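Trainee: Could you walk me through this protein, one question at a time? I am new to reading structures.

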Amino acid sequence: IVREIHKQGTTVILVEQSVNVAITLAERAVFLEKGEVRFDGPTSDLLERPDVLRAVFLEGTGSKTASTSNGVAVSAEATPVHARPVAAAAYGPTPGPALDVAGISVRFGGVQAVQDVSFDLVHGEIMGIIGPNGAGKTTVLDLISGFLTPTGGVVTIEGNDVTEMPPDMRAAVGLGRSFQDARLFSSMTVRQTIATALERHIKVRDPVAPMVLSPAVAASEKVVDEEVGRLIEQMRLEAYADKFVGELSTGTRRIVDLACTLAHKPSVLLLDEPSSGIAQRETEALGPVLLDIREQTGAAMVVIEHDMPLICGISDTLLALELGQVVTRGLPNDVINDQRVIDGYLGGTEEVIHRSGASKKTEPVDETTVDETLLLPVGAPAKPRRSRQLKGRE
């Protein structure tokens, strides 16, 4: 469809995270990262620069980078000053996993969105989930948090089977969830917004009691005020405490959203792309904040993130997804160097390269035939090659 629009004389600018789609359609590629151009040129040149592809999609190329001891390039400001604890079970109040996901699956009509995904996290462990768009990352969080019902598998939080529970009941047993867009009340101050999030912890709920100046109401409000102050200090929001949410930057609003989530005192915290839409400097400040949350709460954390320096800098392990299935799980450096993960992001197979028609090494293709093998998604098992005639259609 895009090609047909282009043939009619329309200039097309395509914003796309999938390299496979971009090189299939585009004659020219411009790579942006954190507002800076990393590559600008013909797609044929891009195909000859796997180092650029890998840097942008798998390692990050910020101006402020450093290498950790395991060789992963991370933002200098986001690099923790201490060695990352792996499987920090000592944080938990009870032994055993805080979160146990066993073989969860879900279908949407004829599409298998998630298939047999399993992992477990102990208290204080941070696991990052990576994968290209459409890999099923957010769907996995929706299954864990109860916004989707799995067609198979079991979700356990703190030893409680929550597979059939709605989201509010899962929150009551210790699950916290943030979304890609922070939906907060723009006309409320930061202090008021966090106090609202503490509603479930208010001991006196009688609406008549405040009218008669009940001492119990004053005591309850004092507890809430103290907890609001603690969260503001923990999330480093002192300078914004009395500002309206609508006046804050996107990054600061995300921190306020995190503070509201922490107000529920979760033992398991799910974060969906916390750095999405925020500036480079705010992203660099986000890593230490997430590590502080782990240190002070002991919560097990699952973080979906496309910013590789950030996710590698905070995660004990990474889980890579592709087409709704687990590709691999392990230490960050091992996962991002796994060839299956690289191919999933960059489309390193010969089929993808030849499909673009942009490589200098590609032989001319007869436009009257389509090789059905080339229509398979990356990572799918190959079928016997056969071509079909297209009777004059492209």
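This is a predicted model: local features need pLDDT of at least 70, side-chain atom pairs count only at pLDDT 80 or more; totals for chains, interfaces and linings use all residues.

Trainee: How many helices and strands are in the protein?

Mentor: Helices (H or I, at least four residues) and strands (E, at least two) are DSSP runs, numbered from the N terminus. Counted that way, the protein has 14 helices and 16 strands.

Trainee: What share of the residues is buried?

Mentor: Buried means under 20% relative accessible area, exposed over 50%, and partly exposed in between, using a 1.4 Å probe and protein chains only. Of the 394 residues in the protein, the buried share is 44%.

Trainee: What part of the contacts with a separation of 6 or more joins residues 24 or more positions apart?

Mentor: Contact means heavy atoms within 4.5 Å. Among contacts in the protein with a separation of 6 or more, the part from residues 24 or more positions apart is 65%.

Trainee: Are helices H7 and H9 roughly parallel or roughly antiparallel?

Mentor: Axes are lines fitted to C-alpha atoms, for helices over the stretch in contact, and angles run from 0 to 180 degrees between N-to-C directions. The axes of H7 (residues 190-197) and H9 (residues 250-262) come within 8 Å and cross at roughly 30 degrees. Angles under 35 degrees count as roughly parallel, over 145 as roughly antiparallel, 65 to 115 as roughly perpendicular and the rest as oblique. H7 and H9 are therefore roughly parallel.

Trainee: Which residues of H9 does H7 meet?

Mentor: From H7, the residues taking part are Val 190, Thr 193, Ile 194 and Ala 197. The residues of this contact divide into 6 nonpolar, 1 polar and no charged, where Ala, Val, Leu, Ile, Met, Phe, Trp, Tyr, Cys and Pro count as nonpolar, Asp, Glu, Lys and Arg as charged, and the others, Gly among them, as polar.

Trainee: Which residues of H8 meet H7?

Mentor: The axes of H7 and H8 (residues 215-234) come within 9 Å and cross at roughly 115 degrees. H7 brings Arg 191, Ile 194 and Ala 195 to this contact. Its partners in H8 are Val 224, Val 228, Leu 231 and Ile 232.

Trainee: How many disulfides does a search of the whole structure find?

Mentor: A disulfide is a covalent bond between the sulfur atoms of two cysteines. The search takes a pair of cysteine sulfur atoms within 2.5 Å as a disulfide. Cys 260 is buried at 11% relative accessibility, and Cys 312 is buried at 2%. Across the whole structure, the number of disulfides found is 0.

Trainee: Is Asp 116 buried or exposed?

Mentor: Asp 116 lies in strand S6 (residues 111-121). Although not a glycine, Asp 116 has a positive phi of about 55 degrees. Its relative accessibility is 51%, so Asp 116 counts as exposed.

Trainee: Is Glu 273 buried or exposed?

Mentor: Glu 273 sits in the loop between strand S11 (268-272) and helix H10 (280-297). Its phi is positive too, near 50 degrees, in a residue other than glycine. With a relative accessible area of 13%, Glu 273 is buried.

Trainee: Which residues does Gly 103 touch, not counting those up to four places away in sequence?

Mentor: Gly 103 is in strand S5 (residues 99-108), and at 17% relative accessibility Gly 103 counts as buried. The residues touched are Asp 116, Val 117, Ser 118, Gly 152 and Gly 153.

Trainee: How many residues of helix H5 are buried?

Mentor: H5 covers residues 137-145. The buried residues include Val 140, Leu 141 and Leu 143. Just after H5, Gly 146 takes a positive phi of about 95 degrees. Of the 9 residues in H5, the buried number is 8.

Notes:
Residues are numbered from 1 along each chain as its sequence is written. Side-chain values use heavy atoms; hydrogens and water are left out.
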